[in-house]
Every structure is written in C-alpha cells, then in structure tokens.
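This report describes pockets in a protein model and the residues that line them. The sequence and structure come before the details.

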Amino acid sequence: DEITAVMDEPAKQPIRVYASLASADSELERAQVLLAEIDRTGALDRSVFAIFSPTGSGYVNYVACETLEYLTRGDCASACIQYSVLPSWLSFLVDQRASQEEAQALWQAVLAAVAVLPADARPRLAVSGESLGAFAAQAVFPDATPATVVEAADAAVWIGSPGTSALWPAW
C-alpha cells in the first residue's frame, strides 16, 4: 500500500527472505535453507532478485532494500544470510572469510536455481552490501574485475567498501 501511494501506481508486495546464523550449521546448509524459502515464496518469479550481504551483525540497510522495492513497484525479491553476530569491524578482524564464504555459497545457489528457469523467465540479478557486506558481496565474482561483475550481475550497489576489497583498486 505504501509503495502504491508513493509511486501512484499499483504495486506488488515485495518478497524478503532471510536465513539467520542459527538456521543451519554451515554456509551451504544456510544457503539451502534460504533456497527453500525462495522457492516457497516464489521469489525467483519477480523481475528483480537481489542478494544483500549484511554487515557483520546481520543488518541490511533498509534504505537500500526499500529503494529497490519502490523502484520496481514491489516486483522484486531480496535475500540475505547472516554469517556472524559480531559488528563488522570485529568480524573483519576475527574471520573475514566467513562473510565471503557465505556470500559465495548463496550466489552459487541462486545462480544454479536461476539457470534452470526458462531464459525469458529469469529475474535480473542484483547484489548489494554495506561495509563488510560490500566486501563479502564483491567476493562472489571470479577474478574480481569490473568486467566479471558486469558479466555476472545486472546491478551492484556497494556502500562503504573496505579498502582491502578485491574490486576497490579496479574501480
């Protein structure tokens, strides 16, 4: 209703799916939990599917998520997996690989699920993250070059990427 009122056009209810750290023991198992929820909600039937890599504590910037929802008139779905309970700065110091491994597991699982859909029924894929989430989201791209990002994703928004992010020097 809010999207319809602001955009002055009919809107769908956006889909948001989330798997907490406690939902399974490993990155791959959490990705499978999330895939089951994606399937249950029909999230891949939307025109845009976004993967949000959270900050260390599992937070997703609601402004980034809602912006996508308003711009697509709700014809979108977003997914996220929590990889830590620590603030980003501490998670980065203690185990930054956990964020990258979680993002890679989810990205690969979503790519596999999208690949079996008819070509004309596939959603556009977007990735986003803030802080350590930006660092994690960038890790899903092989070779870490702008070209591989453009080839694999339809959109990417990274806010506050740490200077050690693989793509930081290339951009």
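## The second largest pocket

In this predicted model, α3 is the element that gives the most to the lining of the second largest pocket, with 3 residues. Both α1 (2-7) and α3 supply at least two residues of that lining. The space in the second largest pocket comes to about 210 Å³.

The residues lining the second largest pocket are Asp-1, Glu-2, Ile-3, Ala-11, Lys-12, Gln-13, Pro-14, Arg-16, Glu-66, Glu-69 and Tyr-70. By class, this lining divides into 6 charged, 4 nonpolar and 1 polar.

## The largest pocket

The largest pocket holds about 250 Å³ of space. It is lined by 16 residues, and those closest to its centre are Ala-50, Leu-68, Ala-126, Ala-155 and Val-157. Two or more lining residues come from each of β2 (48-53), α3 (62-71), β4 (124-130) and β5 (155-159).

Which element gives the largest share of the lining of the largest pocket? That element is β4, with 5 residues.

## Classes in the largest pocket

How many nonpolar, polar and charged residues are in the lining of the largest pocket? There are 11 nonpolar residues, with 3 polar and 2 charged residues making up the rest of the lining.

## The element in both linings

Technical notes. Residues are numbered from 1 along each chain as its sequence is written. This is a predicted model: local features need pLDDT of at least 70, side-chain atom pairs count only at pLDDT 80 or more; totals for chains, interfaces and linings use all residues. Side-chain values use heavy atoms; hydrogens and water are left out. On a 1 Å grid over the protein atoms alone, a cavity is a set of points where a 1.4 Å probe fits but cannot get out, and a pocket is an open set with protein on both sides within 12 Å along at least five of seven lines; lining residues have an atom within 4 Å of a point. Grid points are joined across faces, edges and corners, and a volume is the space filled by probe spheres set on the points. Helices (H or I, at least four residues) and strands (E, at least two) are DSSP runs, numbered from the N terminus. Ala, Val, Leu, Ile, Met, Phe, Trp, Tyr, Cys and Pro count as nonpolar, Asp, Glu, Lys and Arg as charged, and the others, Gly among them, as polar.
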